[in-house]
Amino acid sequence: MSGEHKYFEDFEIGESFVTGGRTITETDIVMHAMHSGDWQPHHTNEEFAKEQSFKTRLAHGNMTFCISTGLIFQSSSENPNIMAYGYNKIRYPAPVFPGDTIKVEVEITDKQDHPKVKTHGLMTQTETTTNQRGETVAFVEHVLFVTKRTPSA
């Protein structure tokens, strides 16, 4: 993506891009457990995990979400006109395991004027994270607070 700072009016519904990939490592899982305090055994105890449905440890869903967010930021230009507003939906339909490589497809799916702040609009983008087998491992509807070039009347 270019280095220009886009405004709300510059984005088009259907606009999309795909990030680069990143392999999830053992270190990622341990660091996320340390940072979050989430030491659930299905993430950190191989012997426990062997007895569970996936038969091995799996990455934290929130870690997958965080890394996906980083991949999006790394693949798009820094834009001071955009801030996170919230998330309508976050789902983890398939697990991520150490050694999996993930990437994210981002698509703008909605734009609307902010109901109260005339200088900004709300833009929704879907963020679909897939692994190296093309399986969806995370799906997010991310709402962004985007500066308008020209405020609404």
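I count Lys and Arg as positive and Asp and Glu as negative, leaving out His and the chain ends. I place each charge at NZ of Lys, CZ of Arg, CG of Asp or CD of Glu. On that basis I find 14 positive and 20 negative side chains in the protein, with the centres of the two sets 3 Å apart.

**Ground rules.** I am working on a predicted model, where local features need pLDDT of at least 70, side-chain atom pairs count only at pLDDT 80 or more, and totals for chains, interfaces and linings use all residues. I number residues from 1 along each chain as its sequence is written, and side-chain values use heavy atoms, without hydrogens and water.

**Layout.** I looked up the secondary structure next. I take helices (H or I, at least four residues) and strands (E, at least two) as DSSP runs, numbered from the N terminus. I see four helices and six strands. Their order from the N terminus is β-β-α-α-α-α-β-β-β-β. The C-alpha trace spans about 60 × 25 × 20 Å along its principal axes.

I then checked contacts, meaning heavy atoms within 4.5 Å. Of those between residues at least 6 apart in sequence, 69% join residues at least 24 apart.

**Surface.** I use Shrake-Rupley accessible areas with a 1.4 Å probe; for residues, only the protein chains shown count as cover. The protein comes to about 8500 Å², and 53% of that belongs to carbon and sulfur atoms. I call a residue buried under 20% relative accessible area, exposed over 50%, and partly exposed in between. Buried residues are 36% of the 153 in the protein.

I also looked for patches. These take residues with over 30% relative accessible area and no salt bridge, joining like charges within 9 Å and nonpolar side chains (Val, Leu, Ile, Met, Phe, Trp, Tyr) within 5 Å. V30, M31, M34 and W39 make a nonpolar patch of about 410 Å². I find M31 in helix α1, residues 26-36. M31 is partly exposed, at 47% relative accessible area.

**Salt bridges.** Side chains of opposite charge can pair when their charged atoms come close. My cut-off is a side-chain nitrogen of Lys or Arg within 4 Å of a carboxyl oxygen of Asp or Glu. I get nine salt bridges by this rule.

Which residue does E26 pair with? E26 bridges to R57, with the closest N and O atoms 2.9 Å apart. E26 is in helix α1 and R57 in the loop between α3 (46-50) and α4 (61-75), so this pair ties together parts 31 residues apart in sequence. Is R57 buried or exposed? I note R57 as buried, at 13% relative accessible area, and E26 as partly exposed, at 38%.

I turned to K50 next. K50 and E47 meet in a salt bridge at 3.0 Å, N to O. Both lie in helix α3, three residues apart, about one turn of the helix. K50 is partly exposed at 39%, and E47 is exposed at 55%.

Then I looked at R133, which bridges to D100 with the closest N and O atoms 3.6 Å apart. This pair links distant parts of the chain, 33 residues apart: R133 sits in the loop between β5 (120-130) and β6 (136-147), and D100 in the loop between β3 (82-91) and β4 (101-113). R133 is partly exposed at 47%, whereas D100 is buried at 5%. Last, I traced a network: salt bridges with shared partners join E26, E46 and R57.

Note on methods
Buried means under 20% relative accessible area, exposed over 50%, partly exposed in between (1.4 Å probe, protein chains only).
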